[in-house]
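Please read these notes with the sequence and the structure open side by side. The points are grouped by topic.

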Amino acid sequence: MTPDLSVDLAPGHKRGLLLRNPVMPASGTFSWGFEFEHHFGPEGIRRLGAVVSKGVTMEPRAGNRQPRVAETPAGMLNSIGLQNVGIEACVRDLAPQWARWETPVIVNVAGDTIDEFGEMARMLDGVPGVAALELNISCPNVDTGGMEIGQSVEASARATSAAVRNTDLPVIVKLTPNVTDPVALARACEAEGAAAICAINTVLGMAIDVDRRRPVLPRARGGLSGPAIKPIALRIVYDVAGAVRIPVIGCGGIATSRDALEFLMAGASAVQVGTATFANPRALLDVVEGLEAWCAAEGVARIADIIGCARPAPVA
Ligand SMILES: Cc1cc2nc3c(=O)[nH]c(=O)nc-3n(C[C@H](O)[C@H](O)[C@H](O)COP(=O)(O)O)c2cc1C
């Protein structure tokens, strides 16, 4: 029997967000999805639970100065600076192409201000081809918005509320790990109507070029991703999933189906694969196939049944 890999990321929400499996790309590591389609064909896109776009801002952005990435022993640092086409081109040119896919597309939205989160949510509301929003209140590589909002419980709540009030689409809020208490952020976003939480964005880091005696990245700091951050991401998912009722999407260092299983067992309802795709463009498909094979081998009929199975039993 083929295992049922479907998961519900917005139970009780008027629009819902039912995925055929819990695997999707992490924002910014999959561009707009068309390269993947070119590589693996429409069948490749159909194998994914969802597609997540790179971060979209109100105006088009050229991004930060080069170099924008630096390799680290167990991952990479990036400082892309949200290079993107802007929301108008996203609605006009990209969404109609997404609308041909059977796979839901989640648009990652990065406002400079709280009001911009509301405004962009309004602009994306009802647009064919857009299934949900992911609020990027956690980008470490921009001067305004981003992590500045995501490091404040109050500002995170206000950004969530601004988006939720302006759209019928499910709103996922993506947390930064660069705080002492991610649980407080998650609870505040849930209280303002977030449909789900995504954890985590990149961990602030830096690297220095000893020969040049300068930081490798022009802005000195960058976001660390890849295997190095997996234990941090897993701990945050475990803590957040124990504190909110809404679904949690795990992200950070996931490269294999066993990594994905760790996140699901910690309480995530779905997973995002980011940096791993740069080394292995097939990583997302490998994770889907690995989950299918694991469920079949373990006699797990529904993958939803293993969500949170590594958590302590609730006290009666
Ligand atoms: C090159 C690059 C670009 C990224 N761009 C975005 C972005 O536009 N929006 C966002 O929310 N996260 C962005 N991220 C963060 C990832 O979505 C993800 O949260 C992070 O990389 C951790 O997952 P990973 O270890 O699997 O890469 C980016 C990460 C990388 C490496």
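**Notes on the model**

1. Strand β16 (residues 270–273) has A270 and Q272 pointing one way and V271 and V273 pointing the other, and all of them are buried. Buried means under 20% relative accessible area, exposed over 50%, and partly exposed in between, with a 1.4 Å probe and protein chains only. Helices (H or I, at least four residues) and strands (E, at least two) are DSSP runs, numbered from the N terminus.

2. This is a predicted model, in which local features need pLDDT of at least 70 and side-chain atom pairs count only at pLDDT 80 or more, while totals for chains, interfaces and linings use all residues. Residues are numbered from 1 along each chain as its sequence is written, and side-chain values use heavy atoms, with hydrogens and water left out.

3. What are the neighbours of β16? Strand β3 (residues 23–25) pairs with β16 in the parallel sense over three bridges, and M24 has Q272 as its bridge partner in β16. Strand β15 (residues 248–251) also runs parallel to β16, joined by three bridges; here G250 has V271 as its bridge partner. Two strands count as paired if DSSP finds at least two bridges between them.

4. A right-handed β-α-β unit is made by β15, helix α8 (residues 257–266) and β16. Right-handed means that, with the strands pointing away from the viewer, the path from the first strand over the helix to the second runs clockwise.

5. On the annotation: the unreviewed UniProt entry gives "domain: Dihydroorotate dehydrogenase catalytic" for residues 16–292. UniProt positions are given in the numbering used here, feature names are shortened, and annotations may be inferred rather than shown by experiment. In the model, residues 16–292 are 36% helix and 20% strand, and the end C-alpha atoms of this span lie 24 Å apart.

6. The structure holds three aromatic pairs. One of them is F36 with F40, a tilted pair at 4.7 Å centre to centre and 50 degrees between the planes. The rule used is that rings of Phe, Tyr and Trp (its six-membered ring) pair if their centres lie within 6.5 Å; planes under 30 degrees apart count as stacked, over 60 as edge-to-face and the rest as tilted. F36 and F40 both lie in helix α1 (residues 34–46), four residues apart, which is about one turn of the helix. F36 is buried at 6% relative accessibility, whereas F40 is partly exposed at 25%. F30, F36 and F40 form one aromatic cluster.

7. R311 lies over the face of Y238, at 4.5 Å from the ring centre. A charge sits over a ring if NZ of Lys or CZ of Arg is within 6 Å of the ring centre and within 35 degrees of the ring normal.

8. How many salt bridges does a search of the whole structure find? The search finds 15, a salt bridge being a side-chain nitrogen of Lys or Arg within 4 Å of a carboxyl oxygen of Asp or Glu. Among them, E289 and R282 meet at 3.1 Å, N to O; E289 is partly exposed at 32% and R282 is partly exposed at 30%. Salt bridges that share partners also join E43, R46 and E102 into one network.

9. E102 lies in the loop between α2 (87–98) and β7 (105–109) and R46 in helix α1, so the pair ties together parts that are 56 residues apart in sequence. E102 is exposed at 58% relative accessibility, while R46 is partly exposed at 32%.

10. Backbone geometry deserves a check. Most residues other than glycine have a negative phi, and most peptide bonds are trans. The bond from Q66 to P67 is cis, with omega near -5 degrees, and P67 is in the loop between β4 (51–52) and β5 (69–72). A cis bond also joins A199 and I200, with omega about 20 degrees; I200 is in the loop between β10 (196–199) and β11 (203–206).

11. L82 has a positive phi, near 55 degrees, and lies in the loop between β6 (75–78) and α2. R213 also has a positive phi near 55 degrees, in the loop between β12 (208–209) and β13 (214–215). Is each of these residues buried or exposed? L82 is buried at 13%, and R213 is exposed at 70%.
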